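The sequence and the structure come first.

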Amino acid sequence: MRNRLGLENSEKAAKIDLEIDERSANEAINHTIKILAKVQGFDEIHKSTIDTISELTKEFLKNFGETAKILVEKAARRR
């Protein structure tokens, strides 16, 4: 059976070891913020600004994940 992510074999996908620690995630978020600032034409950005945007991004992703989980559970109950 094919799942919604388009993966043919979900057992095979589950075996992929992708361990991302919090430090790596923070570095990725900070790097993304710097790239987006550069794309928008900023010459420089203060570290405090990066930290603030990073915290807001993490909070958004946390809330998004929690909301998605709730909606998936509600959908599963309807079946």
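## Helix 2: length and faces

This is a predicted model. Helix 2 covers residues 22-39, which makes 18 residues.

Which residues of helix 2 are buried? They are Ile29, Ile33 and Ala37. Viewed down the axis of helix 2, the buried residues fall within an arc of 70°, so they line one face of the helix. An α-helix has 3.6 residues a turn, so residues three or four places apart point the same way. The face turned away from the buried side of helix 2 carries the exposed residues Arg23, Lys38 and Val39. Just after helix 2, Gly41 adopts a positive phi of about 100°.

## Packing against helix 3

The buried residues of helix 2 pack against helix 3. Ser54 belongs to helix 3, which runs over residues 47-78. Ser54 counts as buried because its relative accessibility is 4%, where the cut-off for buried is under 20%. Apart from neighbours within four places in sequence, Ser54 contacts Ile29, Asn30 and Ile33. Ile29 and Ile33 are among the buried residues of helix 2.

## Whole chain

The protein chain has three helices and zero strands, in the order α-α-α along the sequence.

Of its 79 residues, 6% count as buried.

Note on methods:
Residues numbered from 1 in each chain as written. Predicted model: local features only at pLDDT ≥ 70, side-chain atom pairs only at ≥ 80, totals over all residues. Heavy atoms only, no water. Helix = DSSP H or I, 4+ residues; strand = E, 2+ residues; numbered from the N terminus. Buried < 20%, exposed > 50% of the residue type's maximum accessible area, 1.4 Å probe, protein only. Contact = heavy atoms within 4.5 Å. Expected span 1.5 Å × (residues − 1). Arc of directions from axis to C-beta.
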